[in-house]
Amino acid sequence: MPARRRFRHLVRIGPVHVGTAYDGRGREKHTAACTAPRCGFSADYDSRAAAELAARTHRCPVR
C-alpha cells in the first residue's frame, strides 16, 4: 500500500486543485486533480508550470 502524500503549496484553479509533494523516491512532483463529481481527472507532472497549465486548460467531460 503506497504511503499517503503530504501536499504543500496548494492552489485551486477552477474545479482543479494543484499541489506539490514528494513521490516515493524523494523526487518533487506536481499533481493536478479535478474535484468535480464524476470527472476523475488527475495527473502528475515534473514541473509546476505544466500542472498549472493542465489545470487552466482542463474541461470536464461530464456536465
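Select R56 and E52: their side chains meet in a salt bridge at 3.7 Å, N to O. The term salt bridge stands for a side-chain nitrogen of Lys or Arg within 4 Å of a carboxyl oxygen of Asp or Glu. Both residues lie in helix α1, four residues apart, about one turn of the helix. Helices (H or I, at least four residues) and strands (E, at least two) are DSSP runs, numbered from the N terminus.

The model is predicted: local features need pLDDT of at least 70, side-chain atom pairs count only at pLDDT 80 or more, and totals for chains, interfaces and linings use all residues. Residues are numbered from 1 along each chain as its sequence is written, and side-chain values use heavy atoms, with hydrogens and water left out.

The side chains of E52 and R48 meet in a salt bridge at 3.1 Å, N to O. This pair, too, is four residues apart in helix α1, so about one helical turn separates E52 and R48. E52 is buried at a relative accessible area of 18%, and R48 counts as buried at 15%. Salt bridges that share partners join R48, E52 and R56 into one network. For these labels, buried means under 20% relative accessible area, exposed over 50%, and partly exposed in between (1.4 Å probe, protein chains only).

Stay in helix α1 and select A50. A50 is partly exposed, with a relative accessible area of 28%.

Four strands form an open sheet in the order β1-β2-β3-β4, with antiparallel pairing. Its edge strands are β1 (8-13) and β4, each pairing on one side only. Neighbouring strands are turned by 20° against each other on average, direction ignored. Two strands pair if DSSP finds at least two bridges between them. Strands of a sheet pair through backbone hydrogen bonds, either parallel or antiparallel.

Axes here are lines fitted to C-alpha atoms, for helices over the stretch in contact, and angles run from 0 to 180 degrees between N-to-C directions. Contact means heavy atoms within 4.5 Å.

Zoom in on β3 and β4. These strands run antiparallel and are joined by four bridges. Select T31 to find one partner: its bridge partner in β4 is D44.

Finally, select K29, which is in strand β3 (residues 28-34). What does K29 touch, not counting residues up to four places away in sequence? The list is G19, T20, A21, D23, Y45 and D46. The side chains of K29 and D46 meet in a salt bridge at 2.6 Å, N to O. K29 lies in β3 and D46 in the loop between β4 (42-45) and α1 (48-57), so the pair ties together parts that are 17 residues apart in sequence. Are the two partners buried or exposed? K29 is buried, with a relative accessible area of 18%, whereas D46 is exposed, at 61%.

To end the tour, display every salt bridge: the structure holds five.
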